Amino acid sequence: MSERQIQLEVLRYNPETDTEPRFQTYSVPCLNEWVVLDALNYVKDNLDTTLSYRWSCHMAVCGSCGMMINGEPKLACKAFIHEYPDKIRVEPLANFPIERDLVTVVEDFITKFASIKPYLIPKEDKPISAGEYKQSPAELLKYKQYTLCINCMLCYAACPQYGLVPEFLGPAAISMAHRYNQDSRDGGRDQRQEVIASHEGVWECSFVGACSEVCPKHVDPAGALQQVKVASTIDWYKEHLMPWVKK
Amino acid sequence: MSRKPYIREVPKTSWFFRQPRYMRYMAREVTCIFIGAYALLLVVAVKRLAQGPDAFQGFLDALHSPLGVLFNLAVLVAAVYHSTSWFNVTPQAMPIQRGEEFVPGKMIVGAHYAAWAVVSLIVLIWGV
């Protein structure tokens, strides 16, 4: 197994002692098949136990280890060392406040995500005895890709609009609203529209498209947002030009 | 322990230099200025037309001047970039589902290019 010495430049911030973040470089002997998360774990285990970062599954499922790797939002568990030069710069996810080292403050995302009611809201109450909700493969296809979102927030780190206007609801939250709106079992679109069709909702998006480019699960949030814009525009015209048509 | 989160400010006027993809986005946005300028030129054309044949001839002469040709070329380049960049993202904004499959994005983009070619042909044939 080939080994390579990597200079890992990590942005450190200790809220108890630092006034601003600073870079600290660690020299890490990396195996060729390692990912950046392995290198961080090596630092934590062998060089500096004070380094803080989030991780859990090590297999791009939990969405915990999102960070900026050489300026690009990545999952540290999916960023292979062999794809990088000898010097790798690791920073906390952009557009989020830094709690400590590579750990960011994510309350804003969680609040926004909850505000779009990311769960099925049935059209009408149905007793259990009436049986399951049936769905055809075609109906499933309409929203399936959006279910792959792991809430890793890389799309928020990539979105310049979220960086400039922190009130923006953001890619993942609106995509998830779109996911439930597209679901044939759901009847909660009107409730979600109040949040996502607002100014801080989908209309803050200017279709940079960076969210879809960085998504580690190949979800297309940018596409979802444009589809929400189209649907919201149709709503507006229906309401103003054809008020007699029921939604 | 009290918390003291550190906020990294986004530079308001230079953020797009950070990433090539942000530069591509800004290029797309900047092309709007050229499209807008050409729309203004058409407004001026209508005004000159209303002022009579001499005024309109003066306008046409100005268009044929080196500066006029250069302006038109610049607008053409900007308009092509603007149009193609939007054509290429249409499958994201307007996916078409047929049964249990999505129509391939290339077909949706291709249809836009085909429509563009047809309209350009009509304009060229009738316009000349």
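## Briefing: a two-chain predicted model

Of the 65 residues in the largest nonpolar core, seven touch the most other members: Val36(A), Ala39(A), Ala76(A), Met153(A), Cys155(A), Ile174(A) and Met176(A). Helix α6(A) gives this core its largest share, six residues. Both domain 1 (3-104) and domain 2 (107-241) of chain A contribute residues, so the core lies between them. The model is predicted.

**Helix α6 of chain A**

- The buried residues of α6(A) include Pro171(A), Ala172(A), Ala173(A), Ile174(A) and Ser175(A).
- Beyond its neighbours within four places in sequence, Met176(A) is in contact with Phe113(A), Ile116(A), Pro118(A), Tyr146(A) and Cys149(A).

**Chain A as a whole**

- Chain A has nine helices and seven strands.
- Its C-alpha trace spans about 70 × 40 × 30 Å along the principal axes.
- Of the 247 residues in chain A, 39% are buried.
- Among contacts in chain A between residues at least 6 apart in sequence, 65% join residues at least 24 apart.

**The two domains of chain A**

- Chain A is divided into domain 1 (3-104) and domain 2 (107-241).
- The C-alpha centres of these two domains lie 30 Å apart.
- Across the boundary, 13 residues of domain 1 of chain A are in contact with 12 residues of domain 2 of chain A.
- On the domain 1 side, β3 (66-69) and β4 (72-75) of chain A each supply at least two residues.
- Strand β4(A) gives the largest share of that side, three residues.
- By class, the domain 1 side divides into eight nonpolar, three polar and two charged residues.

**Chain B**

- Chain B has five helices and two strands.
- Along the sequence, these elements follow the pattern α-α-α-α-β-β-α.
- The radius of gyration of chain B is 22 Å, well over the 14 Å that the globule rule gives for 128 residues, so chain B is more spread out than a compact globule.
- The C-alpha trace of chain B spans about 80 × 45 × 25 Å along its principal axes.
- Buried residues make up 4% of the 128 residues in chain B.
- Of the contacts in chain B with a separation of 6 or more, 41% are between residues 24 or more positions apart.
- The domain assignment of chain B gives domain 1 (11-87) and domain 2 (102-128).
- Taken over C-alpha atoms, the centres of domain 1 and domain 2 of chain B are separated by 22 Å.

**Where the chains meet**

- At the interface, 25 residues of chain A are in contact with 18 residues of chain B.
- Five elements of chain A each supply at least two residues of the side that touches chain B: β6 (98-100), α3 (137-141), α5 (160-164), α8 (210-214) and α9 (221-241).
- Helix α9(A) provides the largest share of that side, five residues.
- The side of chain A that touches chain B has 15 nonpolar, five polar and five charged residues.

Terms used
Residues numbered from 1 in each chain as written. Chains lettered and ligands numbered in written order. Predicted model: local features only at pLDDT ≥ 70, side-chain atom pairs only at ≥ 80, totals over all residues. Contact = placed C-beta atoms within 7 Å. Helix = DSSP H or I, 4+ residues; strand = E, 2+ residues; numbered from the N terminus. Nonpolar A, V, L, I, M, F, W, Y, C, P; charged D, E, K, R; others polar. Buried ≥ 20, exposed ≤ 12 C-beta atoms within 10 Å, placed from the backbone. Rg over C-alpha atoms; globule rule 2.2 N^0.38 Å. Core = buried A, V, L, I, M, F, W, Y, C linked by C-beta atoms within 7 Å. Domains from an automatic or database assignment.
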